[in-house]
Amino acid sequence: MRYGFVIDHRRCIGCHACTVACKEENQVPLGAFRTWVKYVEKGAFPHTRRYFSVLRCNHCDNAPCVAICPTVALYRRPDGIVDFDGARCIGCKSCMQGCPYDALYIDPNTNTAAKCHYCAHRLEVGLEPACVIVCPERAIIAGDLDAPASPIARLVAREQVEMRKPEQGTRPKVFYVGADSSALTPSLQAPAPAYLWGQRSEGEVDLVRMAAAVQALEPAGDGALSRPVYDAPHAPRPWGWKVSAYLWTKSISAGALMMAALDRVMQLARGDALFDTAAAMVALIFLALTMGLLVWDLKRPDRFHFVLLKPQWRSWLVRGAFILLAYGVVAVLWLLLPAAHHRLLVVPALVLAAGAAGYSAFLFGQAEGRDFWQSPLLLPHLIVAALIGGAASLVLVGTLTGASDTAVLSMAGFLAVALILHGGLLFAELGVTHANTDVARAARLITRGAYRTRFWGVSVVVGVLLAFVAIVLVPGGMVIGALLALAGLWVYEDVWVRAGQSVPLS
């Protein structure tokens, strides 16, 4: 049994009855939508035509929101419906990043995520979803796709149907008949800062203007086939500065103990307190900041313990939490045990430091709605970021605490090498041909769009070039170079997180 929908756009008149019925049936709050109607227009006056697209959760067979949810708040039922348990939701907004269809929102009354659940409460008593029974044209057909005799199965078998973003591999179960492709594909729509019958929030307008400027830079023009004239509001950038800061503090924490463990392996400055105690203290302080930022960013921080007590093990948010806890234990042991015993901790420290630095690559990889974050270079880039954060922080701490010249110079050397690697990865990630239009536009936002000043001016010139020059060529410039490297790393992490969320999903 696999319940799904067919939206027959040969019949749809764009009346919004489905939207109103859904809001009433499920008590959807003002400003939020589980199903909504988007209008687009094609052509130039007077030869124009309007197309409707009814958008909602696709109840995917391979639902990325289910995989990324850390607490089993989202789950796929045996009948194929992707349902939601608000009592388990911690408001991490991961599901919003995982969904390629922009189908989830944060309920302002409960501070938990919500979405279409196929009116499962009605289905269980033999009723159809509210949107189906209210549609005056019977343009919405619901039913079991696995039942060959059902109207929906016969319609899918008989008609030419479309799906939204089939290339994502989510196997969506909302099919469209007679829909205009550009109405279903945001990358084929010209950005619209205003609508005739609706207003857009300041955050949305900001994103639209950024997208319009980037599309104007494309070699073949903006490639738009239609222009939106009405749409429901959408949350701009669910993850903000706290997530950027979490990546930055985690890089410093993981890198600090990584540097201490590498010192034990390479025997650069044996017996120096910078690696015996100070590195572990830096690791623990920034680990605490990292975990504090993660909890602070939750919409329901009172439920943060659900990640540990009610885990969904496929989610890298859960796996990452346990990696961070294990890393914290090793850092505490490094701090408390005599230096003679550190050799026993070298391998666990290196493995867990790399895990703490790199697990976010798999977490962002599960955010399948954001194609820009799917780069195979993200894992090595996070490891290099940890080398920069750890080496730069220990240069500063070593200088302040009077560590030996050998210890500080070794960290400066690591930092210089890491900056070269960082610069090379920036070019490899942003300066090459990209997998699809959305990735190319996000990259262009960084290199030529709204974020170009911060990226080129701070991340590249200040954070890489000037930092490298200060470390290698300026006598006594290691401290300045370390500060510049940390500043450049922070700005890049922030720009990277923002750009990935600046391309519209619906």
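## Sheets, helix pairs and an aromatic link

Strands here are DSSP runs (E) of at least two residues and helices are DSSP runs (H or I) of at least four, both numbered from the N terminus, and two strands pair if DSSP finds at least two bridges between them. This is a predicted model, in which local features need pLDDT of at least 70 and side-chain atom pairs count only at pLDDT 80 or more, while totals for chains, interfaces and linings use all residues. Residues are numbered from 1 along each chain as its sequence is written, and side-chain values use heavy atoms, with hydrogens and water left out.

- Strand S1 (residues 3–8) runs antiparallel to S8, and 5 bridges join them; Phe-5 stands opposite Ala-142 in S8.
- Axes are lines fitted to C-alpha atoms, for helices over the stretch in contact, and angles run from 0 to 180 degrees between N-to-C directions.

**The sheet of 3 strands**

- A second topic is the open sheet of 3 strands, ordered S3-S2-S11 with antiparallel pairing.
- Its edges are strand S3 (47–56) and strand S11 (227–230); each has a single partner strand, so one side of each is left without a neighbour in the sheet.
- From one strand to the next, the twist averages 35 degrees.
- Strand S2 (residues 35–44) and S3 run antiparallel, joined by 10 bridges, and Trp-36 has Leu-55 in S3 as its bridge partner.
- Helix H1 (residues 17–26) lies across S2 and S3, running at about 160 degrees to S2.

**An aromatic link**

- The model holds 18 aromatic pairs, counting rings of Phe, Tyr and Trp (its six-membered ring) whose centres lie within 6.5 Å; planes under 30 degrees apart count as stacked, over 60 as edge-to-face and the rest as tilted.
- Tyr-195 and Tyr-230 form a tilted pair, 6.3 Å centre to centre with 45 degrees between the planes.
- This pair links distant parts of the chain, 35 residues apart: Tyr-195 is in the loop between helix H7 (181–184) and helix H8 (202–215), and Tyr-230 is in strand S11.

**Helix pair H10 and H12**

- The axes of H10 (residues 273–296) and H12 (residues 316–336) come within 8 Å and cross at roughly 155 degrees.
- H10 is therefore roughly antiparallel to H12 (angles over 145 degrees count as roughly antiparallel, under 35 as roughly parallel, 65 to 115 as roughly perpendicular and the rest as oblique).
- Their crossing is left-handed, meaning that the near helix is turned anticlockwise from the far one by less than a right angle.
- The contact (heavy atoms within 4.5 Å) includes Phe-275, Leu-284 and Met-291 of H10 and Leu-324, Tyr-327 and Trp-334 of H12.
- By class, this contact has 15 nonpolar, 3 polar and 1 charged residues. Ala, Val, Leu, Ile, Met, Phe, Trp, Tyr, Cys and Pro count as nonpolar, Asp, Glu, Lys and Arg as charged, and the others, Gly among them, as polar.

**Helix pair H17 and H18**

- Helix H17 (residues 452–472) and helix H18 (residues 478–500) have axes that come within 8 Å and cross at roughly 155 degrees.
- That makes H17 roughly antiparallel to H18, and H17 passes H18 in a left-handed crossing.
- Among the residues that meet are Arg-454, Phe-455 and Leu-466 in H17, and Leu-484, Tyr-492 and Arg-498 in H18.
- The contact of H17 with H18 has 15 nonpolar, 4 polar and 3 charged residues.
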